[in-house]
Amino acid sequence: MALTTEFYNFWRVGIRFDVFPEKLWKGGIVPYVISPLYEPSETVTIMKAIRTLSFMTCVRFIPWDGKKKDYLLIWPIKYPKGCWSFVGRFGGAQIVSLQPPDKRGPNCLGTEGRALHELMHALGVFHEQSRWDRDKFVKIHYENIIPQYKSNFDKESLENTTYSFEYDYDSIMHYGRHFFSKKKGKPTITPKQPGVKTIGQRDALSKGDCLKLNDLYGCLKNPKTRRKYYNICNFLGV
């Protein structure tokens, strides 16, 4: 999830890089460091997510050389614990929290998909149901949401966000029906469009996720690369 406490909301700006150019990773280059505290299998899961994004988009992740000012610090942070990231680049050592499995906390590394979700936030992508036009597509059941997580369901303004593609129920950035429900079986978000049975998943990038990220970083401007990444997204996206 993206951080939503009052303190961290300061950094939660939109993904319109023409309005907030400082939030863009310049040249699509993202230096990163992976914590040595992870088990080898957990590091492998994180690297799978990094390689997926590097293959399916023109964004390039490179190991931090110790000199670059801005870089991602992928770390199992103890507080606030869990799976979270800031949205877009904000400067300096930027935390992406991916908590290993334990008896109390969430398992952020059970699949590659959870790592992909948080890295998408770090690259500048909000939750799909945060779109300003989301009320045409989903209903939010605020009465069923755990009170301290209601802000996770806020909408972003049209002024600071851009959406070049249709609403994507299959997005890896979309919440599932029961996310943050205060009672088992009570939905927090349901689709309005007929025939939609499943919303949200944490398995792989959807076609829309792939195209959205490529669009944000200018990968679709050149006709040659546009054809390349459209083919990749359509073939590999779920």
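**Salt bridges and burial**

Guide: In this predicted model, Glu128 and Arg131 form a salt bridge, with their closest N and O atoms 3.3 Å apart.

Visitor: What makes the contact between Glu128 and Arg131 a salt bridge?
Guide: The cut-off is 4 Å between a side-chain nitrogen of Lys or Arg and a carboxyl oxygen of Asp or Glu. The closest N and O atoms here are 3.3 Å apart, so the pair qualifies. Asp133 also forms a salt bridge with Arg131, at 3.0 Å. Glu128, Arg131, Asp133 and Lys212 are linked in a network of such bridges.

Visitor: Why is Glu128 called buried?
Guide: Buried means under 20% relative accessible area. Glu128 has 1%, so it counts as buried. Arg131, at 4%, is buried too, and so is Asp133, at 11%.

Visitor: What makes Arg134 buried, and what does its side chain reach?
Guide: Arg134 has 3% relative accessibility, so it falls under the 20% limit. Its side chain reaches the backbone oxygen of Gln129 at 2.7 Å. Arg134 lies in the loop between helix H2 (112–123) and strand E6 (138–140). Beyond its neighbours within four places in sequence, its contacts include Tyr142, Phe153 and Asp154.

Key:
Residues are numbered from 1 along each chain as its sequence is written. This is a predicted model: local features need pLDDT of at least 70, side-chain atom pairs count only at pLDDT 80 or more; totals for chains, interfaces and linings use all residues. Side-chain values use heavy atoms; hydrogens and water are left out. Helices (H or I, at least four residues) and strands (E, at least two) are DSSP runs, numbered from the N terminus. Buried means under 20% relative accessible area, exposed over 50%, partly exposed in between (1.4 Å probe, protein chains only). A polar contact is a pair of N or O atoms within 3.5 Å; within protein, one must be able to donate a hydrogen and the other to accept it, and residues adjacent in sequence count only if both atoms are side-chain atoms. Contact means heavy atoms within 4.5 Å.
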